[in-house]
Amino acid sequence: MTTAPGEHANPFSDPDLAEDQREFVAESTLSVGRDASLTLGTDTLIVLDEAFARREPLNCCGLFPRSKTTRAIPFFNILWAELSDFELTIHHAHPVSKNIVRVAFINYNIEKTDRALAASWTERLLDRAYGASQRRKRIKVLVNPFGGKGSAPKWYMRDIEPIFAAARCEIDVERTQYNGHAVEIAENLDVNSWDVVACCSGDGVPHEVFNGLGKKKDAAQALADVAVVQLPCGTGNAMSWNLNGTDSPSLAALCIVKGLKTPLDLVSITQGDRRTLSFLSQSVGIIAESDLGTENLRWMGSARFTFGFLVRLVGKTTYPCDIALQLENDDKSIIKAAYRQERDSTGPSPSSRRPDPVHHHPHQHSNPAQPAPHSAAGLPPLRHGTINDTLPSSPSWSALSPYPHLGNFYAGNMSYMAASTPIFPCALPSDGCLDLVTMDGTISRLSALRSFLAVETGRFMDGENVSYRKVAAYRIVPRGSGRPQAGRFGRWMGRWGVGGGSAGGARQGKEEGYISIDGERVPFEGFQAEVHRGLGTVLSRSGKVYEGDMVH
Ligand SMILES: Nc1ncnc2c1ncn2[C@@H]1O[C@H](COP(=O)(O)OP(=O)(O)OP(=O)(O)O)[C@@H](O)[C@H]1O
């Protein structure tokens with residue numbers, strides 16, 4: 001580089017770089033009319049517009065002063081941008097309160113001479129707005145008419161559909177007519193016609209959709225091709241909390257529009273001669289009872305679960321069982337380290353991480369749930385047999401061991417089980433493992449209560465009385481009649497009809513315990529669970545971890 005005499009060469013300025021920057025600014029900014037411009041910023045679209053600032057006082061000429069207004073619209077909120085003959089229209093999700101977004105738009109005339117420029121700029125905007133997320137998703141919507149105490153259809157029309165429409169999604173809406181209807185709809189779904197099945201419901205309908213897809217002849221392919229998502233319209237909206245970080249229908253709709261395809265472990269549950277798929281959780285003991293065994297306390301609303309839980313906790317209720325595990329890790333600090341590594345990684349895009357036979361996760365000693373190759377037809381074969389087979393003799397399985405004082409058996413595939421309830425903070429969508437929490441029912445009431453209170457902070461797993469393990473498969477068989485054993489207080493509470501164990505006669509004529517699979521009650525008898533790594537597909541914000549990270 002030569003410098004003319006008298007010129008001050010700036011040793012830090014690189015003319016090539018300056019030229020690059022000029023080009024970058026020219027490419028990022030689109031002038032729209034004389035007084036406005038649209039600029040692609042780092043994470044936002046910057047709208048600079050000259051407008052009459054009507055709130056300002058009139059100037060000395062009796063006119064409103066002209067001033068520039070600047071707005072930043074996050075790319076995440078941009079739903080669509082379209083250039084017609086002479087007009088550019090950008091639809092976006094505009095926050096009207098902390099938990100509600102509504103469709104809004106801006107539009108500008110484009111000079112004929114600027115049209116080519118505007119076309120390439122619009123494409124760049126859509127690139128930034130969608131990133132790796134698929135545009136114009138084809139969404140089969142299932143609305144549970146009873147979801148949200150009957151409000152789901154209204155919420156769909158008001159909060160969700162306008163967002164899908166503005167994002168140019170292809171939509172077909174169907175109401176579920178009866179229990180199990182979503183299983184049939186999913187089983188008969190033409191998977192080539194839809195990218196997403198969106199359930200305006202609680203967690204029950206997505207459970208049915210996974211199972212319906214699982215009944216197809218080409219189940220594994222269908223489960224890989226179609227993403228199952230929840231638009232939170234039920235009482236239990238755990239799926240949306242984990243994947244969208246919200247239970248707001250309009251925010252969740254935006255998250256679905258922008259969601260990244262993410263493989264999700266699914267769990268085969270064999271019980272009796274049935275095989276079902278679980279996507280969320282399995283529980284035996286205090287959680288299942290507190291959830292399912294407190295129907296008589298519905299008048300309490302959401303406090304019902306907490307109350308039922310505390311009664312059993314104070315009552316020191318135990319649920320004697322025999323348990324065998326295919327254990328992957330039982331060291332909490334290693335489990336946390338592996339979680340952090342996955343969270344902080346900048347690995348390949350999620351869709352390229354669908355399981356293959358050579359993929360290993362760092363926290364697994366061995367190769368746990370040997371990734372099942374997607375068989376051409378039906379679900380992957382069971383590697384460990386069913387509950388009716390003899391227990392696998394592989395050294396990776398522990399023997400069926402007695403847990404005479406079991407108070408809580410809770411296996412989770414996702415982190416949050418409800419709002420502010422990250423029971424399984426280290427759960428990962430497709431690590432091939434369930435996170436398993438077990439607690440004795442005989443621990444002191446104070447430490448049990450401390451554990452309970454630590455849930456919201458994510459520190460529950462740290463409690464010394466809480467066992468937190470990664471397992472790839474397990475078998476659990478309730479002992480004897482399955483009647484929970486209540487302590488003295490539990491028996492006393494039982495007499496008042498608020499649970500705490502059957503010994504006091506709380507459940508006359510129905511001496512059964514509770515087992516919950518994804519929040520649905522199943523018979524109180526032994527079952528076996530086996531994880532299929534990344535068998536299912538969901539849409540998530542991050543593409544790799546659940547929302548509401550609580551691991552420090
Ligand atoms: N039209 C219908 N009539 C009766 N049951 C239905 C209908 N549509 C769906 N269901 C059933 O409702 C159940 C609950 O589903 P959903 O996922 O909406 O909510 P949930 O959070 O599990 O429960 P809640 O009803 O308390 O919100 C599912 O088992 C589903 O089969």
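**View 1. Domain layout of the predicted model.** The protein is divided into domain 1 (27-130), domain 2 (138-258) and domain 3 (270-352 + 362-378 + 392-532), with bounds from an automatic or database domain assignment. Residues are numbered from 1 along each chain as its sequence is written. This is a predicted model, in which local features need pLDDT of at least 70 and side-chain atom pairs count only at pLDDT 80 or more, while totals for chains, interfaces and linings use all residues. The protein has 14 helices and 22 strands; helices (H or I, at least four residues) and strands (E, at least two) are DSSP runs numbered from the N terminus. Of the 552 residues, 45% are buried. A residue is buried if 20 or more other C-beta atoms lie within 10 Å of its own, exposed if 12 or fewer, and partly exposed in between, with C-beta atoms placed from the backbone.

**View 2. Contact of domain 1 with domain 2.** The centres of domain 1 and domain 2, taken over C-alpha atoms, are 32 Å apart. Each side is represented in the contact, with 11 residues from domain 1 and 11 residues from domain 2; two residues are in contact if their C-beta atoms, placed from the backbone, lie within 7 Å. On the side of domain 1 that touches domain 2, the elements giving two or more residues are β5 (78-83), β6 (87-97) and β7 (100-109). β7 gives the most, with three residues. That side of domain 1 has eight nonpolar, three polar and no charged residues, where Ala, Val, Leu, Ile, Met, Phe, Trp, Tyr, Cys and Pro count as nonpolar, Asp, Glu, Lys and Arg as charged, and the others, Gly among them, as polar.

**View 3. The largest nonpolar core and helix α9.** The largest nonpolar core has 127 residues, and I163, A198, C200 and I256 have the most contacts inside it. Helix α9 (residues 249-258) supplies the largest share of this core, seven residues. Such a core is a set of buried Ala, Val, Leu, Ile, Met, Phe, Trp, Tyr and Cys residues joined through C-beta atoms within 7 Å. In α9, 10 of 10 residues are buried, among them P249, S250 and K258. Neighbours within four places in sequence aside, C200 is in contact with residues including V141, W155, I160, L231 and C233.

**View 4. The shell around the ligand.** Of the 20 residues around the ligand, T176, S201, G202, G204 and G234 come nearest; a residue is near a molecule if its C-beta atom, placed from the backbone, lies within 6 Å of it. Helix α6 (residues 204-214) gives the most to this shell, with three residues. By class, the shell has four nonpolar, 14 polar and two charged residues.

**View 5. F409 in strand β17.** F409 is in strand β17 (residues 406-412). F409 is buried because 24 other C-beta atoms lie within 10 Å. Apart from neighbours within four places in sequence, the contacts of F409 are S283, V284, G285, C321, T438 and I476.

**View 6. Two loop residues with positive phi.** R168 has phi near 60°, a positive value in a residue other than glycine, and is found in the loop between α4 (152-166) and β9 (170-175). R168 counts as partly exposed because it has 14 C-beta neighbours inside 10 Å. D518, also not glycine, has a positive phi near 50° and lies in the loop between β20 (515-517) and β21 (520-522). With 26 C-beta neighbours inside 10 Å, D518 counts as buried.
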